[in-house]
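Here are my notes after a pass through the model, as numbered points. Have it open beside you as you read.

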Amino acid sequence: MLKKIIIFYILLMTSLFASKIDLYFNKNTINNAQTAILYLNAKDIKEPKLTILDKKININFYKLPNKNNSYYALVPASYYDMNKKIKVIVSYIKDNKKDFESIYLNIKEGDYKSEVIKVKSSKVTLNTKSKDRTQKEYKEAMDIYNTFTNKRLWNKKFILPLNTSITSDFGTKRVYNNTLKGYHSGTDFKAKVGTKIVAANDGVVVLTKNRFYAGNSIIINHGQGVYTCYYHLSKFLVKPNQKVKRGEVIALSGKTGRVTGPHLHFSTRVNSIQVDPLQLIKILNEL
Ligand SMILES: [Zn+2]
């Protein structure tokens with residue numbers, strides 16, 4: 001009798017699990033501007049995709065290297081998404097039928113420092129020429145970040161572009177008249193003019209250009225929606241469309257663009273969203 005019950009129980013559990021896909025985040029709660037990894041384990045499915053409902057962002061799943069029936073997707077939270085739940089809809093094809101499942105990701109407000117800006121807003125207003133230039137440069141950058149290369153161009157762990165101390169953390173809030181006017185969009189590293197800057201990982205250079213705020217800038221595409229950016233450089237040592245290897249010297253640091261002194265500003269984008277570069281590197285290196 002007991003044996004029959006056990007067999008029945010095993011059959012019941014197998015049928016329950018067979019109909020379900022296994023879907024989970026590496027962490028159920030992240031801070032604003034952090035990235036979560038959504039894992040998906042399922043047999044015989046095709047075209048797994050996800051949509052972040054309120055952002056209308058579609059993100060691809062990719063196969064986990066060296067593992068069968070396992071996929072992952074990088075889910076970034078924007079800096080301005082805080083203290084909310086985002087609904088993620090996963091779709092896939094099984095037995096020629098489209099199926100859906102949903103999962104929530106909690107986003108809390110990160111413990112970012114505040115910096116009160118004392119200058120009058122008229123002092124930071126740009127003239128028409130500069131305004132046109134910054135708008136053009138923003139559009140050009142967004143066109144790059146919105147381009148997805150499905151192939152993963154990296155194999156080894158990500159490294160930092162130089163080994164010095166951090167002089168300004170990612171995410172510091174810029175508060176003007178009690179209003180959040182922006183945030184520090186990257187991590188600043190101490191670097192006197194002429195310090196060698198290396199590629200954080202293998203990839204393709206997609207931009208080398210002098211820009212209004214960022215000065216001499218390099219953007220590297222690592223594939224699967226991951227981009228790293230290096231700003232305020234004094235000298236480019238690579239060209240657009242050039243393939244680079246992890247640790248390869250790509251530039252010398254500098255103080256070009258809108259800066260108060262020499263340093264390297266290092267930033268990252270995932271699936272077009274700007275995220276904390278050090279947290280991104282940490283989770284990518286766990287994949
Ligand atoms: Zn910076």
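**Notes on the predicted model**

1. Start with the overall division: the chain splits into domain 1 (2-108) and domain 2 (114-284). Their centres, taken over C-alpha atoms, are 31 Å apart. The contact between them takes 13 residues from domain 1 and 15 residues from domain 2. Keep in mind that this is a predicted model.

2. Next, the side of domain 1 that touches domain 2. The elements that give two or more residues to it are β3, β5 (57-60) and β7, and β5 gives the most, with three residues. What is this side made of, by class? It has eight nonpolar and five polar residues, and no charged residues.

3. β1, β3, β7 and β6 form an open sheet of four strands, in the order β1-β3-β7-β6, with antiparallel pairing. β1 (22-25) and β6 (62-63) are the edge strands; each has a single partner strand, so one side of each has no neighbour in the sheet. For β6, two bridges join it to β7 (residues 70-76), the two running antiparallel.

4. Thr51 stands opposite Asn58 in β5. The hairpin of β4 and β5 has four residues between the strands, and Lys56 takes a positive phi there, near 55°. β4 (residues 45-52) also pairs with β8 in the antiparallel sense, over six bridges, with Lys94 in β8 as the bridge partner of Ile45.

5. Asn96 is not a glycine, yet its phi is positive, about 60°; it is found in the loop between β8 (84-94) and β9 (97-108). Gln224 also has a positive phi, near 55°, in a residue other than glycine, and is found in the loop between β17 (215-223) and β18. Are these two buried or exposed? Asn96 is exposed, with 6 other C-beta atoms within 10 Å. Gln224 has 21 C-beta neighbours inside 10 Å and so counts as buried, the cut-off for that being 20 or more.

6. Now the core. Which members of the largest nonpolar core touch the most other members? Of its 47 residues, they are Val75 and Tyr230. Strand β18 (residues 226-233) supplies the largest share, six residues. The core draws at least three residues from each of domain 1 (2-108) and domain 2 (114-284). Leaving aside residues up to four places away in sequence, Tyr230 touches Pro161, Ile197, Ser217, Ile218, Ile250, Ala251, Leu264 and Phe266.

7. Leu264 leads on to another set of strands. In β22, Leu264 is the bridge partner of Phe189, and β14 and β22 pair in the antiparallel sense over four bridges. Phe189, in β14, also stands opposite Ile166. The strands concerned there are β11 (residues 166-168) and β14, which pair in the antiparallel sense over two bridges.

8. Which residues of α3 are buried? They are Pro277, Leu280, Ile281 and Leu284. These residues cover an arc of only 100° around the axis, which puts them on the same side of α3. What covers the buried residues of α3 includes β3 (35-41), β14 (187-190), β22 (263-270) and β23 (273-275).

9. Last, the segment after α3, where Leu287 is found. Leu287 is partly exposed, with 15 other C-beta atoms within 10 Å. Its C-alpha atom is separated by 35 Å from that of Lys181, 106 residues apart along the chain.

How values were computed:
Residues numbered from 1 in each chain as written. Predicted model: local features only at pLDDT ≥ 70, side-chain atom pairs only at ≥ 80, totals over all residues. Buried ≥ 20, exposed ≤ 12 C-beta atoms within 10 Å, placed from the backbone. Arc of directions from axis to C-beta. Contact = placed C-beta atoms within 7 Å. Core = buried A, V, L, I, M, F, W, Y, C linked by C-beta atoms within 7 Å. Domains from an automatic or database assignment. Pairing = 2+ DSSP bridges. Nonpolar A, V, L, I, M, F, W, Y, C, P; charged D, E, K, R; others polar.
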